[in-house]
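Reader: Hello! I am new to this structure and would like a close look at a single part of it. Could you take me through the strands and how they pair, and then show me what lies around them?

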Amino acid sequence: MSYRLNYLEELEAEAVFVLREAFAQFQNPCILFSGGKDSIVVTHLAAKAFAPAQIPFTLLHIDTGHNFPETLQFRDEFAERMNARLVLGLVEDSIKRQTAMEESGPNANRNRVQSITLLESMESFGFDAAIGGGRRDEEKARAKERFFSHRDAFGQWDPKNQGPEIWHLFNGRKNEGEQYRVFPISNWTELDVWEYIEKEKIDLPSLYFSHNRACVKRKDSILAQSSFLVPHDADELCDLHVRFRTIGDMTISGAMRSNASTVKEIIQELKEMNQSERGNRADDFRSETSMEDRKKEGYF
Amino acid sequence: MVEMKDILRFTTAGSVDDGKSTLIGRLLYDSGQIPQDQVDLVRNISIRKGLNEIDLSLFTDGLKDERAQGITIDVAYRYFATEKRKFIIADTPGHLQYTRNMVTGASTANAAIILIDARKGVVEQTRRHSFIASLLQIRHLIVCINKMDLVDYDEKRFHQIVADFQDFSAKLAIVDVQFIPVSALNGDHVVHRSNQMPWYQGATLLYTLEHLSVASEINQIDFRFPVQHPIRVDQGSVQDYRAYAGKIESGIVRVGDEIQVLPGKHVSKVKSIFGMGGKVLEAFAPQSISIELTEDLDVSRGCMLVKSNNQPEELRQITAMLCWMSPQVFIPGRKYILRQTTNEVKALIKSILYVYDMENLKRDESNAALTCNDIARVELQLASPIFADSYRNNKATGSFILIDEQSNQTLAVGMIS
């Protein structure tokens, strides 16, 4: 027997350690569940970390109301299959309460106001930590995240004043009203996630795989045609063979042309592709530091 | 399809202007790791800044304030992979007031890259960084002598710097040091070999990183298993299940092994081991597992499972190297929480034996204050004993953090001597 781990086994061992620390150090942690592959992998890891016991975390879905129907169906079936409690935080409710305002203008979306709904949901359900599928390789502001990332009483991240996080000694102590975000798969890359999905045979929403869809071509992006999308004059409507590389709000998740219909084919496609994962996310394009700005406000 | 590709974690350090971000940018760019859309983005920023060429350092300088100041202010993690290996880079700030970030980046690293500007040679900062790498027990040091293009790729200059470095590094506890002449700006000896320095027969930086041996760094002798929490199930098809979840920090454990539970010192045997793929007969560091014991003992978070014939030391007083990490200064007589593995005890810093003067690395025995970025040797008194090894023998059981009970901040990190 060789007493060595390969990279996927080492990343898995690290992620499970982080999940167990989150369980031990916080009163009431939840998993931020979007129905996307990263949060599915985190939930899968949580199931392994606590087996044969049930997943000790509630799944919290921050629902912009602009979902792919496929995601919602998958979400509900997944929660039932994993025997996990699922609760929703609705952006619509924040807008009704007028704590959040619907964006206006041609590129209006509900991405930014999600942060408000997240904080309100955490307060109303009493969660003191939210475990997410964020990865440091996704975006440059995320490259500086800790595994245990502190948020002040207003849910804000202060990147210049992060506490030291050294070896694997995570300090989750906090003052009343403060919270943490926990990122068990911080050290995974997009390719690692897919290779792990392949290895563990994890089910994903059908959106990740190539399918025929009515799309809207807008500048360099391809968006799914839907009633949520505010039409532009220059929009071009067409039927395309596409898949989604990230799944979020329907109005901002860009599709890519692809024939990859299995996990193996997606891995092959990723290895050959020369475009970053969030390169298709309209929300990251507003400025070069838009992710950092949103994180400071309480975004995941 | 079991790929034996492993992970190398390395940290990078250098003075502010040594070109560290450019070196990492070059490493990622030349090994084809940067997606085209990011290349385009950085090219556009470079043009807007009035530069003729693409500014490679922009690939790693992330946060707003850093862009404005042109310096790196926090540890940033980067990822890339080749056919041989996966790499995790902890890119740490180079200037003095951020010593704490370098300590952070170095804590999980297998190797450290130290950058030297070929025009300036070995400077105070080089000594400081090498000293910290040695303190944190990093086995491999790769000294990149950068900006060789600015000294006409001069062989003599390279050897002079190597000799200067060896003069002082002889005193450090580093197992393996390699020197590579590079130009991050032009890409010489980063990923590709250079035609400019025919006198250099050694490997490129990437080749060196791909071939460092890391397997032997994991201690597979002394079994240490800090318990994160118990898992109990008694319903449905699972009756009376009681196991202890944790990560094996070092060593190997097998079903049937005689185990002692610290601090109670009760003896039991391993009944079963649950790995990530189900029941196994043995497990090893750094796996996350759960262990069931034959006896029903009182085991909770903070306990440690070890073997009866191989035990850590029981310590109520410890001598340690401490790095102060917080703007909140040390208050004599104030009690702190000491966190070692998953265990916490109250602690008091009884005495400061000496503080390193980071300008010249001399020991200052008259200094009784500790402020941010200070490194000192101290004695601590603990409210109850901990079970520990020296940091040299076991990084996981020989390291700790000090937390302030009132602010909840991590104030300092320590390594047990």
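**Strands and their surroundings**

Author: Gladly! One residue pair to look for is A:Phe244, which stands opposite A:Ala255 in β10(A). Please keep in mind that this is a predicted model.

These two strands belong to an open sheet of four strands in chain A, with the order β8-β7-β9-β10 and antiparallel pairing. At the edges stand β8 (221-224) and β10 (255-257) of chain A; each has a single partner strand, so one side of each is left without a neighbour in the sheet. Neighbouring strands of this sheet are turned against each other by 65° on average, with direction ignored. As a piece of background, strands of a sheet pair through backbone hydrogen bonds, and they do this either parallel or antiparallel.

Where does this part sit in chain A? The domain assignment divides chain A into domain 1 (7-201 + 289-296) and domain 2 (206-284). Taken over C-alpha atoms, the centres of these two domains of chain A are separated by 23 Å.

Strand β10 (residues 258-262) of chain B is joined by four bridges to strand β11 (residues 266-275) of chain B, and the two run antiparallel. Within this pair, B:Gln260 has B:Val267 in β11(B) as its bridge partner. The hairpin of β10(B) and β11(B) has three residues between the strands, and there B:Lys265 takes a positive phi near 65°.

β10(B) also pairs with strand β15 (residues 304-307) of chain B, again through four bridges and with the strands antiparallel. Here B:Val261 stands opposite B:Leu305 in β15(B).

The axes of helix α4 (residues 99-107) and helix α5 (residues 124-135) of chain B come within 10 Å and cross at roughly 40°. That angle makes α4(B) oblique to α5(B), and their crossing is right-handed. From α4(B), the contact is made by B:Met102, B:Val103 and B:Ala106, while α5(B) brings B:His129, B:Ile132 and B:Ala133. These contact residues divide into five nonpolar, one polar and no charged.

Finally, let us step back to where the two chains meet. The contact takes 55 residues from chain B and 45 residues from chain A. The side of chain B that touches chain A has 26 nonpolar, 15 polar and 14 charged residues.

Notes
Residues numbered from 1 in each chain as written. Chains lettered and ligands numbered in written order. Predicted model: local features only at pLDDT ≥ 70, side-chain atom pairs only at ≥ 80, totals over all residues. Axes fitted to C-alpha atoms, helices over the stretch in contact; angles between N-to-C directions. Parallel < 35°, antiparallel > 145°, perpendicular 65-115°, else oblique. Left-handed = near helix turned anticlockwise from the far one by under 90°. Contact = placed C-beta atoms within 7 Å. Nonpolar A, V, L, I, M, F, W, Y, C, P; charged D, E, K, R; others polar. Pairing = 2+ DSSP bridges. Domains from an automatic or database assignment.
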